Amino acid sequence: MSALFEQFVLESRELLEAAGAALLRLERDPTDTAAVNDLFRALHTLKGATALFDLAPFTRMVHAGEDALMAVRDGRAAMSGDLADRLLELLDTGAAWVDGLEHSQSLPDSAGARAQALETGLRAALGGAAETADGATPAGFAWVHELPEAERVKAAGRTVTAIAYVPAEDCFFAGDDPLDLCRRIPDLLLLRIEATGAWPPLADLDPYRCALRFRALSGAPKDELTRLFRGVPDQVSLATVAIPALAVPAPPAVPPSLATAMLREQARILGLPGSDEETAARRAAVLRAARNILAAEGRNAEGAALDRAAEGPSDALIRCIASLADDPAAVTQATPVPPAAPARRALRVDAERMDRLMALVGELVVAKGGLPYLAREAQEGRSADALAQGIKEAHGRIDSIVGELQDAVLRLRLLPLSRVFDPLPRMVRDTARRLGKSVELHLSGGETEADKDILDILGEPLLHLVRNGLDHGVEPPERRRAAGKPEVAALRVQAFQDSNGIVVEVSDDGAGIDAEAVRRKAVAKGALTVEQAAALSDAEALRLIFLPGVSTSETVSDLSGRGVGMDAVRGAVEQAGGRVEVASTPGAGTRFRLVLPLTMMVTRLVTVETAGALYGFPVTLVTGMQRVPHGAIRRMKHAESVVVQDAVVPLLRLRRLLNLPEDERERSGEAVLLVDLGGQPVALVVDAFRERADVVLKPMTGLLARLRGYAGTAVLGDGRLLLALNLRELV
Amino acid sequence: MPIHFEDRTARFEGACTVEEAIPLAEWLCAVEDPRLDLGGCTALHTALLQLLLASERPIAVPPEDAFLKGWVMPVLVKR
């Protein structure tokens, strides 16, 4: 891929995104001229870029969008939801094509047809308000399709500009010479000169009154012709039309190509009788030959079909080779599309942050310079005290630099949350339209920064929560009216940073979640018993929606409501070391709150000691630590529980979870860690609490990766190994 | 004069402009069996073209000019 093309791919994506954002702004406020201009500019630049690479269907499609916008800008058409839909569709298609271009550097074969379909759709959306000049075959251009074949032969199969030029009767007085104008039409493919009426007797004809009209087809783009006819805009109408290819007489019988003949021969060879040994040898030779033929023909993609057939019996292989010989196209289509390569990971970094990193590395080099000096002093027999002092100083300097360096590197990975917010307006718009609800999305805190990995994880759950809010939270307009609420629902997504990390809240002012319904559902799903459900407070019952199979809604729609989503949301967020909270007031709305660590590289753990080893739990999951006297632990058969803050919480022992021997020590109570397991509070007995630690968690690799229950390992400052536990999997 | 009216032949030379329209109209009405020679014509004003079309007279010598030959002559012949 050339550097220029690479640039084109990047730039096109940005332009498409910019266009999308402008379009949404425009739809909200159709009078927003700045949005029209932004959108227009983006499309125009994109058109120019596509033309540079000779991507005709792409250019044409963008051009159609531009035309539609022109109509909106000139007040010839109104910005309607339908039109916005079409334009968004156009942008989506563009984005898909750009993705394709990045991989294959060519547009899909269907691009031409797709462009035409979009063009037609746009025209329909513009409705009758649009001037004929904006349509492809609007009234007045039917003749284009009625042309006898002989006349349209030059234009067949091309997208051309049709010109209908009816000069004003008195145009000669204005100095016009219509025929001369037609002579100047670039790439003239057809010119029809017609009388506007029947000719009068010559004597009665007024030679200064124009009685001719002109119809023409040109291969030049409409813009160019608009310029040519700029003096007579009222007398000419232009339209971009696709002239269907002529009914092609049966394709001339192509003499079978050499490749075809050779492939047929290979198939024949395979069919020859012979001993098993001979057949096997032949088979190998034939396969080799067939592959080479395909490679030479540039049909490498079809090699896959061949390889598949090669695994089967001989007659399947013969059939395959024969079909390769006869009908390359059919086989090509049968081969699966190669999976899209993973998107390139690129990270844009502020130059400022890069500079800070450089400065720190410089300081580190200077600090390092002090060490040889210390070594020399040690050799020369300086006192141990003096040496220790020197080493401590050097350590202090290096330590502070390394600390800053670590911070600087983490900052390199920080990106604004707007990256995950960007797709939301579009999604809300589309979903709300589909559901027939009117919703205003309020985004705030997009400038909050979080680690790139966190953002990657946050994207999906956020989309889901927003979709869920739209689908289940926000009521249909009539119910909102009945409830005395404003018809336009408000959906708020706000992000901010607090001491624990990044908080993203998704709230709606909809119907809220009926805790009772959630209880019923959870019981029906067998997640808990009726008694257990009844014992839950409403807030606790709400958390049940995060259990697999429990949904917030009675109805399952195509959007959400299958009860898989919330579970997935919780899973993704917890995997990133965060947690989800939900609060809802029936009739007033629901609020979801995602709390995520600022970065995934350094994880803050609460460390505990159990059976002589250290274990860590993410701070975000730990809600408290306390000593519980033995008497406070209730026992029912094997299940233990404890009352914490007026709630009965199941009590688990880490030693038992890890299959370690029981703690035999004499003690008055238990050290209990209170952990929030996705809405389920759990009390965990450990041997002793240790300090909190900021660690860089390394995931388990190799054989250990299959061990469940461990989130990773970390080395503590004193060199001891810490195992970070994933309680959910242990319990 | 781009159009030379000789006896019963009108010879079109070079760019024939709208100024020729009245003389051509009068000549076409006056001459019994006009002979039209467009051989040297390089540009034909619309006004002249419509006179030729309305007169329904055959073109004796077709124009050499590519545009006229390609796009205008077929119309003149088809009448």
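Glu670(A) counts as buried because its relative accessibility is 2%, the cut-offs being under 20% relative accessible area for buried, over 50% for exposed and partly exposed in between, with a 1.4 Å probe and protein chains only. The residue lies in strand 18 of chain A. Leaving aside residues up to four places away in sequence, Glu670(A) touches Gln626(A), Arg627(A), Val628(A), His630(A), Ile633(A), Arg653(A) and Val685(A); contact means heavy atoms within 4.5 Å.

## Basis of the model

This is a predicted model, in which local features need pLDDT of at least 70 and side-chain atom pairs count only at pLDDT 80 or more, while totals for chains, interfaces and linings use all residues. Residues are numbered from 1 along each chain as its sequence is written, chains are lettered from A and ligands numbered from 1 in the order in which they are written, and side-chain values use heavy atoms, with hydrogens and water left out.

## Helix 25 of chain A

Helix 25 of chain A spans residues 565–575, and its buried residues are Gly565(A), Met566(A), Val569(A), Arg570(A), Ala572(A), Val573(A) and Glu574(A). Helices (H or I, at least four residues) and strands (E, at least two) are DSSP runs, numbered from the N terminus. The buried residues of helix 25 pack against strand 18 (669–677), and also against helix 20 (452–473), strand 10 (579–585), strand 11 (589–596) and helix 27 (727–730) of chain A. Just after the helix, Gly577(A) takes a positive phi of about 85°.

## Nonpolar cores

A nonpolar core is a set of buried Ala, Val, Leu, Ile, Met, Phe, Trp, Tyr and Cys residues joined through side-chain atoms within 4.5 Å. The largest has 68 residues, of which Leu217(A), Phe12(B) and Leu44(B) touch the most other members. Apart from it lies another core, of 49 residues, among them Ala432(A), Val439(A), Val518(A) and Val573(A).

## An antiparallel sheet

An open sheet of 4 strands in chain A has the order 2-3-1-4, with antiparallel pairing; two strands pair if DSSP finds at least two bridges between them. Its edge strands, each pairing on one side only, are strand 2 (188–195) and strand 4 (236–242). Strand 2 and strand 3 (residues 212–218) of chain A pair over 7 bridges, and Leu212(A) is the bridge partner of Ala195(A).

## Two helices of chain B

Helix 2 (residues 46–55) and helix 3 (residues 66–78) of chain B pack at an angle of about 25°, with their axes 9 Å apart. Axes are lines fitted to C-alpha atoms, for helices over the stretch in contact, and angles run from 0 to 180 degrees between N-to-C directions. Leu49(B), Leu52(B) and Leu53(B) in helix 2 meet Val72(B), Val75(B) and Leu76(B) in helix 3.
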